[in-house]
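The sequence and structure come first, followed by the description.

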Amino acid sequence: MSPAIEKYLTLKDGRTLAYADCGNLSSDKLVIFLHGAFGVGITDEEKIQPSLTEKGVHYVAPTLPGWGKSSIRNHSIPYHLGFTSDIDQLIDHLHPTKNNLRIYLSGGSFGSVPAQLLYGAPFDIFPNGRYVKGCMLLAPFSPFREDKEHGKEMTMSNYLFIGAPSQYLPFHLISRLAKATISRQLGSPEQAEAFVRQNIFNKMDEEEKATFAKWRADTGRKEGELEGDFGRNMHRSVQETWDGFFDMPDITNGDWGFKVTELDAEHCSDKRPVFIIAAEGDKMAPASMAKWLATNYRSARLRMITGGHLSGIYSLNELWKEFLEMC
């Protein structure tokens with residue numbers, strides 16, 4: 001079965017929000033998953049986790065502003081206000097009646113940031129936030145304004161690009177220099193696949209390679225299938241614009257609309273848990289940031305796993321099952 005057809009919602013300001021969805025489109029259980037850097041919102045009936053299929057969820061994967069075919073954001077308003085409005089409109093479009101609606105948020109890597117923006121957003125800004133039952137964060141980033149030691153375990157290149165130093169130079173200079181190097185490697189799906197192999201898959205240690213091979217066998221994935229999927233999505237993510245890429249440092253270092261350490265009980269309680277998954281060997285989103293989140297979200301549960309940045313994929317079905325049971 002081919003991936004779900006990409007759909008497009010025209011927002012109130014005339015911009016476009018691209019998304020894909022699958023599962024039970026009329027379900028009262030809505031899962032919203034937010035992709036990371038160089039990603040787009042994709043889903044596939046065959047690849048959705050069995051634990052989600054069993055629950056009959058409606059699985060929705062929006063493409064973040066400035067990536068893929070989603071319009072660039074309105075730069076005249078803060079990111080957290082524009083993004084929460086976009087997703088609020090998407091939820092109203094997909095589930096206008098709200099009958100017993102339950103929303104489960106999730107995001108991976110950079111996608112953990114917009115997932116947290118939705119989780120902590122004041123309800124007058126994000127009315128549909130009242131239906132949120134929990135948030136699952138995979139290889140997450142912490143809010144750099146609050147986590148003053150966010151760069152402690154980051155690689156120097158990542159820290160310069162997305163950490164505090166990115167704010168020292170104007171006009172997204174560091175991001176533009178990075179684009180000059182990266183863009184040549186994402187010119188085609190094949191080039192993008194080679195890029196992701198070199199920078200992620202080839203850097204797995206032997207233990208993770210064995211885990212990856214077992215996961216492929218258990219899920220029926222072909223050799224090179226995941227790498228090819230990553231390559232195609234990376235290529236698609238910047239075909240229209242690099243605006244989403246340039247926005248990343250401002251978003252991680254900017255105003256999230258709330259402080260993790262000051263969330264009220266209506267937002268952050270055992271009835272609205274945060275499930276955090278991190279790998280000790282992750283060089284892109286160091287486990288120290290996940291541990292900061294686990295300490296500062298009052299309703300958090302931290303799960304440490306072995307491996308690197310992609311390790312959550314190998315046990316994703318079990319993680320979804322545990323998360324839904326928590327909620």
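## Terms and basis

Axes are lines fitted to C-alpha atoms, for helices over the stretch in contact, and angles run from 0 to 180 degrees between N-to-C directions. Helices (H or I, at least four residues) and strands (E, at least two) are DSSP runs numbered from the N terminus.

The model is predicted: local features need pLDDT of at least 70, side-chain atom pairs count only at pLDDT 80 or more, and totals for chains, interfaces and linings use all residues. Residues are numbered from 1 along each chain as its sequence is written, and side-chain values use heavy atoms, with hydrogens and water left out.

## Helix 5 and helix 9

The axes of helix 5 (residues 173–182) and helix 9 (residues 243–253) come within 10 Å and cross at roughly 140°. Helix 5 is therefore oblique to helix 9; angles under 35 degrees count as roughly parallel, over 145 as roughly antiparallel, 65 to 115 as roughly perpendicular and the rest as oblique. Their crossing is right-handed, a term for the near helix being turned clockwise from the far one by less than a right angle, with left-handed for anticlockwise.

On the helix 5 side, Ser175, Arg176, Ala178, Lys179 and Ile182 are in contact with Phe245, Phe246 and Pro249 of helix 9, where contact means heavy atoms within 4.5 Å. The residues of this contact divide into 5 nonpolar, 1 polar and 2 charged. Here Ala, Val, Leu, Ile, Met, Phe, Trp, Tyr, Cys and Pro count as nonpolar, Asp, Glu, Lys and Arg as charged, and the others, Gly among them, as polar.

## Other helix pairs

Helix 6 (residues 189–199) packs against helix 8 (residues 225–237) at an angle of about 120°, and their axes are 7 Å apart. The two helices are therefore oblique to each other, and helix 6 passes helix 8 in a right-handed crossing. Pro189, Ala192, Glu193, Phe195, Val196 and Arg197 of helix 6 meet Glu227, Gly228, Phe230, Gly231, Arg232, Met234 and His235 of helix 8. By class, this contact has 6 nonpolar, 3 polar and 4 charged residues.

Between helix 2 (residues 79–94) and helix 3 the angle is about 80°, with axes 10 Å apart, and these helices are therefore roughly perpendicular to each other. Tyr79, His80, Phe83, Thr84 and Ile87 of helix 2 make the contact with Pro114, Leu117 and Leu118 of helix 3. It has 6 nonpolar, 2 polar and no charged residues.

An open sheet of 8 strands has the order 1-2-4-3-5-6-7-8, with mixed pairing; two strands pair if DSSP finds at least two bridges between them. Strand 1 (7–10) and strand 8 (300–305) stand at the edges with a single partner strand each, so one side of each has no neighbour in the sheet. From one strand to the next, the twist averages 20°.

Strand 3 (residues 29–34) and strand 5 (residues 102–108) run parallel and are joined by 6 bridges. Leucine 34 has glycine 107 in strand 5 as its bridge partner. Helix 3 (residues 112–120) packs on the sheet, touching strand 3, strand 5, strand 6 (132–138) and strand 7 (274–279), and its direction makes about 150° with that of strand 5. Helix 10 (residues 287–296) also packs on the sheet, where it touches strand 6, strand 7 and strand 8; its direction makes about 155° with that of strand 8.

## Alanine 164

Alanine 164 lies in the loop between helix 4 (156–162) and helix 5. Not counting residues up to four places away in sequence, alanine 164 touches His150, Tyr159 and Asn253.
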